[in-house]
Amino acid sequence: MSNIPENNDTVPKKKDFYGCRKLETYDWLADIPPAPGSSDNIVEVQFKNTRKGYYLNSLGLDLVKGDIVAVESNPGHDIGEVTLTGPLVKLQMRKLGTKKEIEIKRVYRKAKESDLQKWYDAKALEHSTMLQARKIAEDLNLNMKIGDVEYQGDGAKAIFYYIADDRVDFRQLIKVLAETFKVRIEMKQIGARQEAGRIGGIGPCGRQLCCSSWMTNFVSVSTSAARYQDISLNPQKLAGQCAKLKCCINYEVDAYVEGAKRMPSKEVVLQTQEGDYFHLKTDIFKGEITYSTNKETPENLVTVHVSRAFEVIAMNKRGNKPETLNNRQTVKEEKKEFKDVVGQDSVTRFDKTSRKSKNKNRNRNAGNRQGGGNKNKK
């Protein structure tokens, strides 16, 4: 029985398999017709979430974004989705540093029903193959972890992505895997961040991991970036799901470095007639600095604006000391009692009204009874 959906009017999309597609490129020239005589015959084809390639449309097929195509591979053919066409493809190739001397492989055809059937069947084997390959690597006492498996579109080749701290001799592993799964084996080593990107997850910010949603290039992260931002150097808070430093630590570090240039040095001690003040912390975006009278522990904290800090530093250079570090005069505000003008603060205001009306009714009824008694006496 075929695993292809019954409705074949629309070609099945790869997002049915892979969910998030971080390598997708937005074609902002899609609405502009091609220039006369232009020959943009190279298309971008995406496979799994972390792999895409560029292929020559030598047959002149009418390809648009979203088409499932069969492309040249070694051996056999692979199945992927067209994600970009037109003049932007060459710009993407230049951006990624694709070498022109490398022979570009070809697009064979749009995927037929038989191609899609093989593709679906191959993808359905990936998870079980990964679990079985892990067991084989464990039996061979190899210090490695197989994190993912990707089958080629025709099922003739499988790519095993693995993680290892040291160099691994997996020649025997390749022989066992080839005998077990009857396919051509290719091994690719990835890092901890790449593994987290392939697995995915939710970060402490509540959003999808950056490495699994949009990041393609991983820049090294150091603890100095955390120091610039006055982030606590707690390994549990700084580490992401890959057990490495969070990539987002680098996002705002440039703004902090630029802002720190407009702040006085942390080593400068402010001298006043009350005593010396030592730097404790800095709020770069507010332009405020907090000083303490004790260099080791926070005591008698005073927060001043950066302009006041520079003013005190200039006075100290001239040999003068201000009376206090904070030049703001504290004005004691008289405590004003709240007066209920409208009466809306009391939740029993309606009860008071009803009590008054009841008292009026009682007085009225009492007056009526007294008046009636006098008439009878008359």
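A residue counts as buried when its relative accessible area is under 20%. The model toured here is a predicted one.

Begin by selecting helix α6, residues 192-199, and within that helix Glu195. Is Glu195 buried or exposed? Its relative accessibility is 12%, and therefore Glu195 is classed as buried. Display its surroundings next: leaving aside residues up to four places away in sequence, Glu195 is in contact with Lys145, Gly147, Ile163 and Ile190.

Proceed to the largest nonpolar core, which has 22 residues. Select Met144, Ile146, Phe160, Leu173, Leu177 and Met187, the residues that touch the most other members. The largest contribution is that of α4, with 4 residues.

Residues up to four places away in sequence excluded, Met187 touches Met144, Phe160, Tyr162, Phe170, Leu173, Ile174 and Leu177. Apart from this core lies another, of 12 residues; select Tyr277, Val306, Ala309 and Leu325, which are among them.

Finally, select helix α10, residues 253-260, and highlight its buried residues Val253, Tyr256 and Gly259. Why do these residues lie on the same side of α10? They span an arc of only 125° around the axis, which places them on the same side of the helix. In an α-helix there are 3.6 residues a turn, so residues three or four places apart point the same way.

Definitions and conventions. Residues numbered from 1 in each chain as written. Predicted model: local features only at pLDDT ≥ 70, side-chain atom pairs only at ≥ 80, totals over all residues. Heavy atoms only, no water. Buried < 20%, exposed > 50% of the residue type's maximum accessible area, 1.4 Å probe, protein only. Helix = DSSP H or I, 4+ residues; strand = E, 2+ residues; numbered from the N terminus. Arc of directions from axis to C-beta. Core = buried A, V, L, I, M, F, W, Y, C linked by side-chain atoms within 4.5 Å. Contact = heavy atoms within 4.5 Å.
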